Amino acid sequence: MALNPKFAAQRLLFGQPAASGAQGVPPAVHTLELFLDYVCPFSAKQFKTFYQTVVPMIKANPRWASGLQVILRQQVQPWHPSSTLVHEAAVAVLQAAPDRYWAFSDALFADQGRYFDEAVAREPRNDTYRRLAKLGASVGVDEAAIYDRLAVPDAVPEGGHANGGNKVTDDLKLQIRYGRLLGIHVSPTAVFNGVVANDVSSSWTKEQWEEWLKKNIG
C-alpha cells in the first residue's frame with residue numbers, strides 16, 4: 001500500500017480522513033489498489049466504470065470520501081509487447097504532467113485498440129511513441145515532453161552504453177517490481193487493504209460497486 005512520492009498522482013484522494021476517535025491515534029483510510037493493464041480489455045472495462053461512474057459516487061458520499069483512497073497500479077502484461085510501450089507513456093505523463101495522469105489513463109483505455117498486437121505489428125517502436133505522445137497532447141500534456149522521455153536512439157550515444165532504454169525505464173521498473181512483490185499476475189486485480197480482493201470483478205455495475213462500498217467502507 002506504500003506509494004513512492006514520485007508516483008503520488010497515481011493516488012486518488014476524495015476528502016480529509018475522518019478522525020480515529022481515539023486520542024493519540026492518527027486518522028487512517030481504507031486503500032483500494034487497482035492493478036490494470038492499458039491493453040487489457042477487462043482492465044479497460046473496469047477502469048471506465050470505476051473512473052466515470054464510481055468515483056463521482058464516492059465523492060458525493062462524505063463517509064466514503066473521507067474513508068477511502070484509490071491507487072492505480074500499472075500492471076504490464078509482457079505477452080503483449082506493446083503493453084510495455086503504453087505503460088511507459090503513462091510513466092512519461094507522471095513525470096511531465098502528473099495532474100493529467102488519470103485523464104491520460106482514461107484516454108488511453110478508450111483508445112487501447114490502436115495499441116493491440118495487430119495494430120503495432122509492423123510499426124517501429126518510436127512511431128508508436130509518437131502516437132502515444134499525440135494522445136497525451138489530446139488531454140493537455142506537452143507532446144514533445146512525452147516523446148522526449150520515450151524515444152530510444154537508433155545508435156549508441158557517444159560515451160554511453162547500448163540497450164539503455166529511455167528516460168522512463170527506471171521508473172517503469174519500480175512499477176513492475178511492486179506488482180511482482182505482491183505476486184500479481186492477472187489484470188485486472190483489486191487489492192483492498194493489502195489483501196487481494198477476488199470478489200471484485202471487471203464486469204461490476206455501479207450498483208455492485210455501491211454494494212461493495214457499503215459493505216467495506218460503511
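Reply: One term first: two strands count as paired if DSSP finds at least two bridges between them. Keep in mind, too, that this is a predicted model.

Let's settle on strand S4, residues 189-192. On one side of the pairing, 2 bridges join S4 to strand S5, residues 195-196, and the two run antiparallel. S4 and S5 make a hairpin with 2 residues between them, and in that turn Asn 193 has a positive phi of about 50°.

Zoom out and you have an open sheet of 5 strands with mixed pairing, in the order S1-S3-S2-S4-S5. S5 is one of the edge strands and S1 (11-13) is the other, each pairing on one side only.

Now look at where the S4 side chains go. Thr 189 and Val 191 point one way, while Ala 190 and Phe 192 point the other way. Whichever way they point, these four are all buried.

Trp 209 is worth a stop. Setting aside neighbours within four places in sequence, Trp 209 is in contact with Leu 32, and also with Thr 49, Phe 50, Val 54, Met 57, Val 200 and Trp 204. Gln 46 is on that contact list too.

So what about Gln 46, buried or exposed? Gln 46 sits in helix H1, residues 41-59, and counts as buried because its relative accessible area is 2%, where the cut-off is under 20%. Again leaving out neighbours within four places, its contacts include Leu 34, Leu 36, Pro 188 and Trp 209.

Last, the open spaces. The largest pocket holds about 270 Å³. Of its 16 lining residues, Val 152, Pro 153, Gly 164, Gly 165 and Asn 166 are the closest to the centre, and the lining splits into 7 nonpolar, 5 polar and 4 charged residues. Gly 165 belongs to the loop between helix H7 (143-150) and H8, and is partly exposed, with a relative accessible area of 33%. Beyond its neighbours within four places, Gly 165 is in contact with Val 152 and Pro 153.

The second largest pocket has about 220 Å³ of space. Its 14 lining residues include Gln 75, Val 76, Pro 78, Ile 176 and Arg 180, the closest to its centre. Helix H8, residues 169-182, gives the largest share of that lining, 5 residues. By class, you get 6 nonpolar, 7 polar and 1 charged.

Notes. Residues are numbered from 1 along each chain as its sequence is written. This is a predicted model: local features need pLDDT of at least 70, side-chain atom pairs count only at pLDDT 80 or more; totals for chains, interfaces and linings use all residues. Side-chain values use heavy atoms; hydrogens and water are left out. On a 1 Å grid over the protein atoms alone, a cavity is a set of points where a 1.4 Å probe fits but cannot get out, and a pocket is an open set with protein on both sides within 12 Å along at least five of seven lines; lining residues have an atom within 4 Å of a point. Grid points are joined across faces, edges and corners, and a volume is the space filled by probe spheres set on the points. Ala, Val, Leu, Ile, Met, Phe, Trp, Tyr, Cys and Pro count as nonpolar, Asp, Glu, Lys and Arg as charged, and the others, Gly among them, as polar. Buried means under 20% relative accessible area, exposed over 50%, partly exposed in between (1.4 Å probe, protein chains only). Contact means heavy atoms within 4.5 Å.
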